[in-house]
Amino acid sequence: MKNCEYQQIDPQALTVSPLSVQNHTEKKAQRPRRKWEVFPGKNRFFCDGRLILARQSGVLPLTLGLIVVTCGLFFAFDCPFLVEHLTIFIPLVGGLLFLFVVLSLLRTSFTDPGILPRATADEAADIEKQIDTSGSSTYRPPPRTKEILINQQVVKLKYCFTCKMFRPPRTSHCSLCDNCVERFDHHCPWVGNCVGKRNYRFFYSFIISLSFLTSFIFGCVITHITLREYSQVISHLDSSWCTVVELVICFFSIWSILGLSGFHTYLIASNLTTNEDIKGSWSSKRGAEDSGNPYSYNNIITNCCVTLCGPMPPSLIDRRACGPDCPVVAVCSSPPPPTCPLLHPPDFLLQSLTRSLAVSP
Ligand SMILES: [Zn+2]
Ligand SMILES: [Zn+2]
């Protein structure tokens, strides 16, 4: 705050001239850029850096479109018949599920998955020095690794040449987003983002709620068709093409969604990530010294609680802060503190006071 200066406003400066407009635009162009504007990863930011998305997120509109179109057709063409013949709770349950699915999807897509900021030049130089001094000066081993002990089990930390640091445990570098992500699970094109430490719980709630929604719509559509008489269906085939579209979408998506939900439920129960499961990081085949997953609490409920209900770690990239080209001088946006008229009297009060003292005997 010591660098903040308040200047007297020149009344002449209040008149807008073309020169001042030009200066204003120049100042705007020269304003300090925020970190998200100079972010080195392949991400896109929205709402002044509040929302983050992978650069290649073209499948996300397709995901949203499929959900919205299927639900729209369901509410428009199936619900009126089902409300009339069964219960009003069908559109209510469908609506709640739809809202939950869309909110979970958007939360997964626009949340920082747990990106680790890249090392600064000083930090990178410091790590390089440590690596150089640890080995001989002439020979440097090609794979830069560090070994640490987790639950009496040796875990190798790999060096990331892009982020210039040793990756913390369970961290992996996403080649599509070009970032190191904590507790990296996988890069999901359907949600247009990496799935990691900070958005895994939203991703899981998305696929679980989508399983319920797809099964619900599938069941309702089958009921709708069954309740109609066969001849009626044939005579209304033109008007019920929407029901057929819903049926086809649900039939082909339900198996993959249910399978994915089951797979992630297994991963959560064993405190594993998709990345670790695919690589077989903790499988017994990799060596006699590997005695299983060192991150597991050996209790399904604890594993589920830690993964889904643990405290939400803060975002480390601080994307709305000032970037490296931010000037040292702070910009004051708050008005100057109010002054007490008795302690700091205005000039005219001082003059009148002096005059009255001079007049008084
Ligand atoms: Zn990296
Ligand atoms: Zn990614």
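Helices (H or I, at least four residues) and strands (E, at least two) are DSSP runs, numbered from the N terminus. The model is predicted, with local features requiring pLDDT of at least 70 and side-chain atom pairs counted only at pLDDT 80 or more, while totals for chains, interfaces and linings use all residues. Residues are numbered from 1 along each chain as its sequence is written, and chains are lettered from A and ligands numbered from 1 in the order in which they are written.

The chain contains 10 helices and 10 strands. Of its 361 residues, 23% are buried (20 or more other C-beta atoms within 10 Å of the residue's own; exposed means 12 or fewer, and partly exposed in between, with C-beta atoms placed from the backbone). Contacts are pairs of residues whose C-beta atoms, placed from the backbone, lie within 7 Å. Among contacts between residues at least 6 apart in sequence, 67% join residues at least 24 apart.

Leaving aside residues up to four places away in sequence, Phe 203 touches Thr 108, Cys 188, Val 191 and Val 195.

Helices H2 (residues 59-85) and H7 (residues 241-269) pack at an angle of about 140°, and their axes are 9 Å apart. Axes are lines fitted to C-alpha atoms, for helices over the stretch in contact, and angles run from 0 to 180 degrees between N-to-C directions. H2 is therefore oblique to H7 (angles under 35 degrees count as roughly parallel, over 145 as roughly antiparallel, 65 to 115 as roughly perpendicular and the rest as oblique). On the H2 side, the contact involves Leu 66, Thr 70, Leu 73, Phe 74, Phe 77 and Asp 78; H7 contributes Cys 242, Thr 243, Val 245, Glu 246, Ile 249 and Cys 250.

Most residues other than glycine have a negative phi. Lys 164, in the loop between strands E5 (153-160) and E6 (165-166), has a positive phi near 55°. Lys 164 counts as partly exposed because it has 16 C-beta neighbours inside 10 Å. Asp 178 lies in the loop between strand E7 (172-174) and E8, and its phi is positive, near 60°. With 18 C-beta neighbours inside 10 Å, Asp 178 also counts as partly exposed.

Definitions and conventions. Two residues are in contact if their C-beta atoms, placed from the backbone, lie within 7 Å.
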